[in-house]
Amino acid sequence: MDEPTPVIWWVRRDLRLTDNPALHAACATGRPVIPVYVLDPLDEQMGAAPKFRLGLGMEALSRALQNRGSDLVLRRGDAHTVVSQLAQETGAKEVFAARAYHPDEIARDLQVQDALDHIGVAPRWHAGRLLFDPYTVKTAAGGFFKVFTPFWKAVRPLGIAACLSDPSRIPAPRHWPISGRLEDWNLASSMNRGAQVVLRYCQVGEAAALDRLHQFTDEQIASYGNDRDLPGQDATSRLSQNLTWGEISPRQMWHSGQVAMAQGRPGAETFLKQLVWREFAYHLMVHTPHILTENWRAGWERFPWLGEEAESARIWQRGQTGVDFVDAAMRELYTTGYMHNRLRMITASYLCKHLMVHWKIGMKWFEDCLVDWDPACNAMGWQWVAGSGPDAAPFFRVFNPERQRDRFDPKQTYLQRWIAEGQTHPPQTATDFFDAIPYQWRMTPADLRPDPVISLAQGRARALDAYKSLSK
Ligand SMILES: Cc1cc2nc3c(=O)[nH]c(=O)nc-3n(C[C@H](O)[C@H](O)[C@H](O)COP(=O)(O)OP(=O)(O)OC[C@H]3O[C@@H](n4cnc5c(N)ncnc54)[C@H](O)[C@@H]3O)c2cc1C
């Protein structure tokens with residue numbers, strides 16, 4: 001008997017089986033499904049940590065698929081060539097994929113669509129990455145939202161469909177197409193010595209993400225509203241890396257939050273709101289894609305930021321500014337690929353304001369180091385802090401890292417976790433940093449802590465003067 005022609009599931013940042021509309025629709029055809037990941041030029045350009053983390057996510061998805069008698073085919077090259085070639089090789093007439101929202105991904109997908117149209121194959125785009133479609137959420141005047149609170153009020157009452165189940169069967173083709181080998185792609189190659197260290201802190205794959213979600217909603221969500229700003233505590237979901245790579249869906253997180261709310265857990269509403277900040281970032285990226293590359297607000301190009309040449313930027317990257325709270329966070333970032341949200345704000349503010357270094361340089365460093373790197377959230381976060389973004393913190397609001405430390409880390413739990421120097425028995429977290437960094441940084445736990453590059457008062461005054469000259 002002839003085998004039915006297969007369909008293709010083109011896997012992107014949706015490395016999961018449960019609540020995956022594209023996979024669900026592919027399985028619903030009843031035809032054999034060929035899951036494929038295409039490492040395309042957009043992936044090749046990613047920073048070291050996201051690329052490394054993508055490899056871990058692919059490995060986990062491969063295993064999950066193999067446990068179901070399926071597999072993940074790996075191909076490399078321009079997506080329009082690779083996807084259409086695979087369709088021709090296998091005779092597939094439909095390609096299922098999750099819709100993407102980054103302008104470069106949209107351009108790539110249009111090329112793929114053209115290439116598939118040309119050979120008579122139908123692309124089937126599905127939602128799955130977001131809770132709300134950024135094109136349909138509109139202000140009363142029919143425009144898009146530039147401020148978070150009205151966006152939140154507009155989407156909060158909208159219904160969110162229930163999650164889709166894990167497909168009980170993913171029909172496999174009788175003959176698998178040729179696949180590349182993940183080991184040959186060497187996705188950790190830019191990680192330097194960091195790969196083995198960062199790996200220990202990663203939470204990889206769908207099963208781990210779901211376990212964490214359950215643990216968080218059982219144990220932490222009730223106090224999330226009060227404790228989420230305390231970096232020394234395990235008080236936030238830590239699911240951003242899983243959400244970024246699609247190992248969990250925003251809908252799974254939203255519905256768990258809703259259940260917690262129904263059970264009367266007080267932090268649940270705040271948690272839902274944070275999920276909507278991510279939606280807002282995508283909304284802004286879709287409607288104003290220049291947020292990714294340029295000052296969102298006009299006029300900021302005259303601000304006298306320092307550029308690549310600034311030695312202070314390198315000192316900041318290495319956790320050597322001499323401001324302990326900032327340095328602790330920069331080390332958490334390098335060691336784990338993650339940084340607590342409050343510290344993302346503080347380190348970004350310190351770079352753009354006290355050190356007067358351009359936000360784009362900080363954004364690029366985060367892009368290289370974060371395992372949860374998300375272009376929309378990263379750009380919104382940096383422009384929000386710098387003052388150049390929509391609904392941004394006013395520039396004159398300069399975070400004072402020492403006051404922030406006293407308020408949010410009064411027992412210095414976070415500080416001691418990440419700064420080894422000066423401690424007789426530093427914890428492993430703090431010493432791990434020295435195992436992760438490149439040898440050329442020449443840093444050891446026995447070093448003396450450096451003096452601050454600039455005093456907090458002077459840095460603040462200098463930034464405010466520059467801001468005043470901008471507004472003249
Ligand atoms: C300068 C800067 C850069 C950032 N870069 C990124 C990035 O590259 N990737 C990324 O996922 N987040 C980024 N954020 C947002 C935020 O810091 C992280 O999402 C959060 O720290 C992740 O930890 P969590 O999963 O424990 O969050 P939780 O507190 O548990 O929140 C749940 C989820 O809500 C979303 N969320 C929470 N806070 C924000 C926020 N402020 N903006 C957007 N979404 C939010 C995240 O998806 C998060 O996983 C950035 C923030 C700043 C200030």
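This is a predicted model: local features need pLDDT of at least 70, side-chain atom pairs count only at pLDDT 80 or more; totals for chains, interfaces and linings use all residues.

Below are my entries, in the order I looked things up.

**Entry 1: aromatic pairs.** I began with the rings and searched the whole structure, which gave 28 aromatic pairs. I picked out Phe216 and Phe271, a tilted pair with ring centres 5.0 Å apart and 50° between the planes. I then checked where the two partners sit. Phe216 belongs to helix α9 (residues 206-227) and Phe271 to helix α12 (residues 268-287), so this pair ties together parts that are 55 residues apart in sequence. Both Phe216 and Phe271 are buried.

Phe145, Phe148, Phe151, Trp277 and Phe280 make up one aromatic cluster.

**Entry 2: arginines over rings.** Two cases went into the notebook. Arg193 lies over the face of Tyr439, with 4.1 Å to the ring centre. Arg344 does likewise with Tyr338, at 5.2 Å from the ring centre.

**Entry 3: the ligand.** Which residues are closest to the ligand? I found 28 residues surrounding it, and the closest are Tyr224, Thr236, Ser237, Arg238 and Asn341. I then went through polar atoms. The side chain of Thr236 puts an N or O atom 2.6 Å from an oxygen atom of the ligand. Arg238 comes in through its backbone, with an N or O atom 2.7 Å from a ligand oxygen. For a nitrogen atom of the ligand I noted Gln274, which has a polar side-chain atom 3.0 Å away. Last, I checked how covered the ligand is: taken alone it exposes 810 Å², and the protein buries 95% of that.

**Entry 4: His358.** I found His358 in the loop between α15 (341-354) and α16 (359-369). I listed its contacts, skipping neighbours within four places in sequence, and got Asn295, Trp305, Leu306 and Leu351. A polar atom of the His358 side chain also lies 3.0 Å from the backbone nitrogen of Lys360.

**Entry 5: Thr429.** This one sits in helix α20 (residues 428-436). With 18% relative accessibility, Thr429 counts as buried, because the limit is under 20%. Where does its side chain reach? It gets to the backbone oxygen of Arg417, at 2.7 Å. Arg417 turns up again in the contact list of Thr429, along with Tyr201, Thr335 and Trp418, when residues up to four places away in sequence are left out.

**Entry 6: Asp166.** I located Asp166 in the loop between α6 (148-155) and α7 (182-185). I get a relative accessible area of 29% for Asp166, so I call it partly exposed. Beyond four places in sequence, Asp166 contacts Leu17, Thr18 and Arg68. With Arg68 there is a polar contact between the side chains, at 2.6 Å. I also took one C-alpha to C-alpha distance: Asp166 and Ala127 are 16 Å apart in space and 39 residues apart in sequence.

**Entry 7: positive phi.** Asn186 is not a glycine, yet its phi is positive, about 50°. I placed Asn186 in the loop between α7 and α8 (194-201), and with a relative accessible area of 47% it is partly exposed. Arg442 also has a positive phi of about 50° without being a glycine. It lies in the loop between α20 and α21 (456-471). How accessible is Arg442? Its relative accessible area is 72%, so Arg442 is exposed.

How values were computed
Residues are numbered from 1 along each chain as its sequence is written. Side-chain values use heavy atoms; hydrogens and water are left out. Rings of Phe, Tyr and Trp (its six-membered ring) pair if their centres lie within 6.5 Å; planes under 30 degrees apart count as stacked, over 60 as edge-to-face and the rest as tilted. Helices (H or I, at least four residues) and strands (E, at least two) are DSSP runs, numbered from the N terminus. Buried means under 20% relative accessible area, exposed over 50%, partly exposed in between (1.4 Å probe, protein chains only). A charge sits over a ring if NZ of Lys or CZ of Arg is within 6 Å of the ring centre and within 35 degrees of the ring normal. A residue is near a molecule or strand if one of its heavy atoms lies within 4 Å of it. A polar contact is a pair of N or O atoms within 3.5 Å; within protein, one must be able to donate a hydrogen and the other to accept it, and residues adjacent in sequence count only if both atoms are side-chain atoms. Accessible areas come from the Shrake-Rupley method with a 1.4 Å probe; for residues, only the protein chains shown count as cover. Contact means heavy atoms within 4.5 Å.
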